[in-house]
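Colleague: I would like to go through this model feature by feature. Please give the general idea each time, then the case at hand.

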Amino acid sequence: MHHATDNAPEQPMPHPAAPSFELLPGADGSPVILHVPHSARAIPADARAGIVLDDAALERELDHITDAHTAELAGAAAELAGVTPWRFVNRLSRLVVDPERFPDEREEMLSVGMGAVYTRTTHRAPLRSADTDPEPLIERYFRPYAQAMTDAVADRLAVTGRALIIDVHSYPGAPLPYELHGTGPRPPVCLGTDPFHTPPGLLAAAREAFAGCGETGLDSPFSGAYVPLEFYAKEPRVGALMVEIRRDTYMSEPGGPAGHGLSRLASALAALVDAVTA
């Protein structure tokens, strides 16, 4: 990939052997993109070098921070859906970069060392040196991801006239110290909304689809929904909803195997995809 440079040329960094993200095509007529940003545990060597945890502590942190089995959940839902949705899946851990954070001072999670490049763990211990320059990781991993997601949404708009991003996440049953809003309700399914991009019909469809998975709550403990900045608060044809599933409903915490709840959740997610595709 060619990058124009404004100043002294840099040596190109070798690309990771595996792609850092993947767009898995759906049906041509589907406006839906299932976005899975936090399911992976892979950390390339260049990112690992800046992390101060030893291997055992890093594995424990990955258990806490990873939305385990959410890529599997999205894949199962895509197979069950009547019209196959598209899937955009992060293949690297969010400890490399978190593609859903603002890459600048707009990000409220900077206050706990969890901007686009984390410097603190879920338990507020050092993850990287506090004076870490985030720019090399943002340039190598964050910007290409953001551009590819922007392109995927633009493609759905061009082909179908609309785009709908369903963000597939999970969260721990008990609050972790890094959470800024961890004192509120923690329902089995939390629906994160955006005032511009989450229309009432989309929210109603989600509540109905997940009704059999336990109580659904709104914007607690996590709120908002991911939309590429090019469209954010500007393009009303881009809809967005974040689905946050409490981990104890489908897996052993932290970081354990998936259980029976996963298939029920996959059916519910497929029902939501079908409802909003029609």
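Colleague: Leaving aside its neighbours within four places in sequence, which residues is Val-153 in contact with?

Modeller: First, the conditions. This is a predicted model, in which local features need pLDDT of at least 70 and side-chain atom pairs count only at pLDDT 80 or more, while totals for chains, interfaces and linings use all residues. Residues are numbered from 1 along each chain as its sequence is written, and side-chain values use heavy atoms, with hydrogens and water left out. Contact means heavy atoms within 4.5 Å. On that basis Val-153 is in contact with Ile-33, Ala-163, Ile-165, Pro-228, Phe-231 and Val-238.

Colleague: Which residues have the most contacts inside the largest nonpolar core?

Modeller: A nonpolar core is a set of buried Ala, Val, Leu, Ile, Met, Phe, Trp, Tyr and Cys residues joined through side-chain atoms within 4.5 Å. Buried means under 20% relative accessible area, exposed over 50%, and partly exposed in between (1.4 Å probe, protein chains only). The largest core here has 46 residues, and Ile-43, Leu-95, Val-153 and Val-238 have the most contacts inside it.

Colleague: Which elements each supply at least two residues of this core?

Modeller: Helices (H or I, at least four residues) and strands (E, at least two) are DSSP runs, numbered from the N terminus. Helix H2 (55-65), strand E3 (86-90), helix H4 (135-160), strand E4 (163-171) and strand E7 (238-246) each supply at least two core residues. H4 gives the most, with ten residues. A second, separate core has 36 residues, including Leu-164, Leu-241, Leu-262 and Val-276.

Colleague: What is the strand order in the sheet?

Modeller: Strands of a sheet pair through backbone hydrogen bonds, either parallel or antiparallel. Two strands count as paired if DSSP finds at least two bridges between them. Here seven strands form an open sheet with mixed pairing, in the order E1-E3-E2-E4-E7-E5-E6. Strand E1 (21-24) and strand E6 (216-218) are at the edges with a single partner strand each, so one side of each has no neighbour in the sheet. From one strand to the next, the twist averages 20 degrees.

Colleague: In what sense do E2 and E3 pair?

Modeller: Strand E2 (residues 32-36) pairs with E3 in the parallel sense, over four bridges. Val-36 has Val-89 as its bridge partner in E3.

Colleague: Which strands does helix H5 touch?

Modeller: Axes are lines fitted to C-alpha atoms, for helices over the stretch in contact, and angles run from 0 to 180 degrees between N-to-C directions. Helix H5 (residues 200-209) packs on the sheet and touches E4, strand E5 (189-192), E6 and E7; its direction makes about 30 degrees with that of E7.

Colleague: Which residues of E5 point one way, and which the other?

Modeller: In a regular strand the side chains alternate between the two faces of the sheet. From E5, Val-189 and Leu-191 point one way, Cys-190 and Gly-192 the other, and all are buried. E5 pairs with E6 in the parallel sense over three bridges, and the bridge partner of Val-189 in E6 is Thr-216.

Colleague: Is Ala-225 buried or exposed?

Modeller: Ala-225 has a relative accessible area of 14% and is therefore buried. Ala-225 sits in the loop between E6 and E7. Beyond residues up to four places away in sequence, Ala-225 touches Gly-192, Thr-193, Asp-194, Ala-240, Leu-241 and Met-242.

Colleague: How many helices and strands does the protein chain have?

Modeller: The protein chain has six helices and seven strands. In order from the N terminus, the elements run β-β-α-α-α-β-α-β-β-α-β-β-α.
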